[in-house]
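User: I would like to go through the terms used for this model and see what each one rests on. Please set the values against the cut-offs.

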Amino acid sequence: FLMALAVTHLAIGGDFPAPSKLPLKEDLPDPLVMLNGTKVSTKEQWLKERRPELKKLYEHYMFGVAPPAPKVNAKVDRVDPKALGGKATLKEVTLTFAGIEGPKIRVLLVVPNKRNGPAPVFVGINFAGNHAALDDPKIELNPNWIPGNYKGVKDNRATEASRGSQKDVWNIEDAIDRGYAVALFYAGDLDPDRKDAREGIQKHFGKEFDWSTIHVWAWSYSRVIDYLVTDPDIDASRIIAVGHSRMGKTTLLAVAFDERIAVAIPHQAGCGGTAPSRRRGDPGAESVKRINTSFPHWFNVRFKEFNEEPERLPFDQHCLIAMCAPRAVLLSNAEDDKWANPTGQFELLVAADPVYKLLGSKGVGSKKMPETGKLMASPLGYWIRAGKHSMNRDDWAVFLDFADRHVKGK
Ligand code: GCU
């Protein structure tokens, strides 16, 4: 049994060194140096060599390898042209995958009725099902396993009392009023967030794919985008991805790996997302060891080998940010949320800057962290507000300003 395990491990692994054989680096690795030490000095080298190498490194050491996209079939189940008091058209769309029986993604798409041409869209991955995002008795109650701490959830299933419970997290009407569409989907549609039971889509694919839960969630984003780019109401060149916390980690990965997304807003994403894996930044921030222990399913098996020595990682999370270049990325934080390491996050933004500059982007607006409550709206953007870990209406006001700047040129 042990031997079989070792062989699978190798087969999935590719031919990078074992974690214990990688050099210890206290400093953040230079994103513009290849694993073999070659310096990256042109845009072409970045796009053709370093970026693809980073993708492989992240798959190998952290998120696991995901399968290629199957054909996505979309079924529009319901259209309400008079949603939000007539301001918007609401669609519920089910996505299924050719040759795969069972797993589906339910998309809630709300599009402003007042607009000239296709709408830019925020795509968000949620914790509790689409029915929680609006008070609308017609939205399908998500039938899957849902964490028990959400309002109205009984025995890990949604009930009528769950409706609208996350309305203030998503603020759909504010986005509609500013001319944006919003598309939402539930993370647990393809992989419920459980460490005690593995009931995700992974079992439908071969063992060569060791994709972790966060990678499944990021892959789900891409499947939702497979649909959105075919919807004539949506402007495919102006897709903004947004997610909070574990879904913020997912958002950054999705944008790094899927170039169709124009803007990334990973909100309070922290460790394994927008915060350094190396020990730096705010004291008391979450560590690699801690996250791997509390949430073993979020990352692949190999990532646990860095628990004691994250300094052996051949990348840090600024490299994942850099993979988004030259697209806009907003790292968004709260002062009391030190667990997510707001100071370390700003350091990563500065460390990703040379890649943005190489690609001709303005990159980071300043090397100094902005004051609380002042948006730094440069392509590598930063925002920190007073208060704690949550996604709320004030955050959305900032997300909308950042989007206006980067997809509407305001
Ligand atoms: C935990 C976890 C964080 C995560 C957060 C969340 O606090 O340690 O890494 O971001 O949950 O998703 O809310």
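Analyst: Ala187 lies in the loop between strand S5 (181-186) and helix H6 (213-228). The model is predicted.

User: Why is Ala187 called buried?

Analyst: Buried means under 20% relative accessible area. Ala187 has a relative accessible area of 3%, so Ala187 is buried.

User: Which residues is Ala187 in contact with, leaving aside its neighbours within four places in sequence?

Analyst: Ile125, Asn126, Trp217 and Met247. Contact requires heavy atoms within 4.5 Å.

User: What lines the largest cavity?

Analyst: The lining consists of Phe127, Trp145, Pro147, Tyr186, Ala187, Gly188, Asp191, Pro192, Asp193, Trp217 and Met247. The volume of this cavity is about 50 Å³, and the structure holds one cavity of 30 Å³ or more.

User: What makes one residue of that lining polar, by class?

Analyst: Gly counts as polar, and Gly188 is in the lining. The classes there are eight nonpolar, one polar and two charged residues. Asp counts as charged; Asp191 and Asp193 are both lining residues.

User: Which residues have the most contacts inside the largest nonpolar core?

Analyst: Tyr58, Val121, Val123, Leu228, Phe315 and Leu320, in a core of 95 residues. H6 gives the largest share of this core, 10 residues. Another core, of 33 residues, lies apart from it and includes Leu108, Ala133, Ile240 and Val263.

User: What does Tyr58 touch, not counting residues up to four places away in sequence?

Analyst: Among them are Phe63, Phe257, Phe315, Leu320 and Met323.

Technical notes
Residues numbered from 1 in each chain as written. Predicted model: local features only at pLDDT ≥ 70, side-chain atom pairs only at ≥ 80, totals over all residues. Heavy atoms only, no water. 1 Å grid on protein atoms, 1.4 Å probe; cavity = no way out; pocket = protein on both sides within 12 Å on 5 of 7 lines; lining within 4 Å. Points joined across faces, edges and corners; volume = space filled by probe spheres on them. Helix = DSSP H or I, 4+ residues; strand = E, 2+ residues; numbered from the N terminus. Buried < 20%, exposed > 50% of the residue type's maximum accessible area, 1.4 Å probe, protein only. Core = buried A, V, L, I, M, F, W, Y, C linked by side-chain atoms within 4.5 Å.
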